[in-house]
Amino acid sequence: MLALGPEWLTVILFGSLIFLLVLGLPLVFAIGGVATLFIILLWGPHALPVLANRTYMAMDMFLLVAVPMFIFMGAMLQRCGIAEDMYELMYHWMGGLRGGLAAGTVLICTMFAAMVGISGAATTSMGLIALPSMLKRGYKKDIAIGCISAGGSLGILIPPSVLMIILALTSRVSVGEMFIAGILPGLLLSSLFVIYILVRCYFQKHMGPSVPPDDRLPLNERVKLMGALILPVGLIFAVMGSMFFGIATPSEASAIGALGAIVSAMIKRTFTWQSFTSALFITLRLSAMVIWIVFAASAFTALYAVTGASSLVGTLIKGVGDPWMVIITMQLILFVLGMFFDPTGIVLLTAPIFFPIVTSLGFDPLWFAILFVINMELAYLTPPFGFNLFYMKAVVPKGVTMMDIYRSSMPFCALMILGLVICMIFPGIITWLPELMRT
């Protein structure tokens with residue numbers, strides 16, 4: 001058995017983890033494998049029941065029920081035609097503006113984010129629906145690709161959000177309050193994206209030309225298209241309203257959302273056995289991935305805490321000095337990690353260390369939780385390993401390179417950083433709605 005101080009243990013633990021991830025080993029096997037190996041090396045094989053105990057403790061969290069429910073909700077909605085109807089609406093209402101199709105696409109992603117709990121659903125859906133339409137009408141790749149990548153990333157900030165559920169489990173912040181707190185920051189980022197697109201296309205007309213009047217429906221026909229908003233708005237109100245007014249817990253609201261997605265598909269007459277089973281298999285695959293990562297990270301963080309290494313990291317971060325410099329240092333750490341690692345893994349590895357420090361410094365953990373999520377949203381866009389960039393690569397036409405996709409994301413990354421700074425300076429953007437919910 002090894003006898004290591006917390007300093008060397010920290011270096012070896014994270015060095016081993018990074019080495020395995022660089023080799024391409026899936027996150028769950030990297031985290032779980034390192035945890036298992038070091039439990040044996042430090043305490044011997046007789047300590048292995050710790051893994052079973054930590055796994056059972058994680059399984060016993062009722063909040064995890066919401067993960068497959070929200071994933072199923074997103075998978076079902078992706079197949080029921082709501083995205084196509086909303087794009088048709090935005091095309092005819094906003095197409096007359098320069099950059100209107102791109103701005104409308106961001107608004108659709110914003111609404112889609114309020115119905116699904118993951119980022120990939122809106123990104124892939126609008127990549128297949130909106131991107132060909134924009135490129136066909138002369139939109140430049142920078143705007144067309146960037147608006148979809150950035151708009152799709154809103155799925156983890158605007159509730160419901162699977163990542164928020166995982167963060168709530170590790171930070172002990174109320175997931176219901178976290179959901180409500182994410183609404184205004186999500187709308188802020190969406191507004192920044194839309195303003196940027198419209199202003200840039202106004203001054204650089206070649207970036208996003210307007211749709212010719214002949215391609216748009218007359219006013220009375222456009223009014224009829226407004227009916228496409230009834231199902232999305234109704235579903236958003238059912239899920240978020242039930243939590244805001246205290247009618248349902250997040251886990252119960254996830255069941256309402258899953259049922260609402262099935263009902264929506266039936267109303268639109270797009271519900272088929274094939275689409276239902278396909279949504280179930282996607283739910284099974286993604287839920288298994290998320291929950292196994294939770295199990296592995298639970299064992300890793302337990303090992304890390306017991307050995308005293310987490311206290312060492314906390315002491316080093318607090319040693320930065322000024323409390324605000326500590327918060328900024330954490331944001332920089334999250335930003336750098338987001339360039340290379342999976343957001344779920346970052347949450348599970350850093351949240352148990354960061355949140356006790358934030359609380360001890362007198363900051364609101366709910367406020368910091370949303371800053372954390374915004375940083376993870378940024379991780380979906382930052383090269384070289386931003387997930388949304390790879391989602392886009394899977395749906396873009398031939399001839400669009402990975403460098404084109406990277407370049408298109410840069411202005412939107414800058415806007416996200418601006419939104420993060422605004423939320424840091426004006427914490428009421430995050431805390432106002434949760435305080436209203438408590439009264």
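## Helix α17 against helix α19

In α17, residues W324, I327, M330, Q331, L334, F335 and G338 meet W367, F368, L371, F372, N375, M376, L378 and A379 of α19. Contact here means heavy atoms within 4.5 Å. By class, 12 of the residues in this contact are nonpolar, 3 are polar and none is charged. Ala, Val, Leu, Ile, Met, Phe, Trp, Tyr, Cys and Pro count as nonpolar, Asp, Glu, Lys and Arg as charged, and the others, Gly among them, as polar.

Helix α17 spans residues 323-338 and helix α19 spans residues 365-379. Their axes come within 8 Å and cross at roughly 30 degrees. The two helices are therefore roughly parallel. Angles under 35 degrees count as roughly parallel, over 145 as roughly antiparallel, 65 to 115 as roughly perpendicular and the rest as oblique. Axes are lines fitted to C-alpha atoms, for helices over the stretch in contact, with angles from 0 to 180 degrees between N-to-C directions. The crossing of α17 past α19 is right-handed. That label applies if the near helix is turned clockwise from the far one by less than a right angle, and left-handed if anticlockwise.

## Basis of the model

The model is predicted: local features need pLDDT of at least 70, side-chain atom pairs count only at pLDDT 80 or more, and totals for chains, interfaces and linings use all residues. Residues are numbered from 1 along each chain as its sequence is written, and side-chain values use heavy atoms, with hydrogens and water left out.

Helices (H or I, at least four residues) and strands (E, at least two) are DSSP runs, numbered from the N terminus.

## Backbone features in loops

P159 and P160 are joined by a cis peptide bond, with omega about 0 degrees. P160 sits in the loop between α8 (141-153) and α9 (162-171).

R172 is not a glycine, yet its phi is positive, near 65 degrees. This residue is in the loop between α9 and α10 (175-181). R172 is exposed, at 77% relative accessible area. Buried means under 20%, exposed over 50%, and partly exposed in between (1.4 Å probe, protein chains only). R269 also has a positive phi, about 60 degrees, without being a glycine. Its loop lies between α14 (250-267) and α15 (273-306). R269 is exposed, with 78% relative accessibility.

## Salt bridges

The whole structure holds 5 salt bridges. Each is a side-chain nitrogen of Lys or Arg within 4 Å of a carboxyl oxygen of Asp or Glu. D85 pairs with K268 at 2.2 Å, N to O. D85 is in helix α5 (residues 82-94) and K268 is in the loop between α14 and α15, so the bridge ties together parts 183 residues apart in sequence. D85 is partly exposed at 30%. K268 is partly exposed at 24%.

D404 and K141 form another bridge, their closest N and O atoms 3.2 Å apart. D404 lies in helix α21 (residues 402-425) and K141 in helix α8, 263 residues apart. D404 is buried, at 8% relative accessible area, whereas K141 is partly exposed at 32%.

E221 meets K224 at 3.8 Å, N to O. Both belong to helix α12 (residues 219-225), 3 residues apart, or about one turn of the helix. E221 is partly exposed at 30%, and K224 is exposed at 60%. Shared partners also join K141, D142, D404 and R407 into one salt-bridge network.
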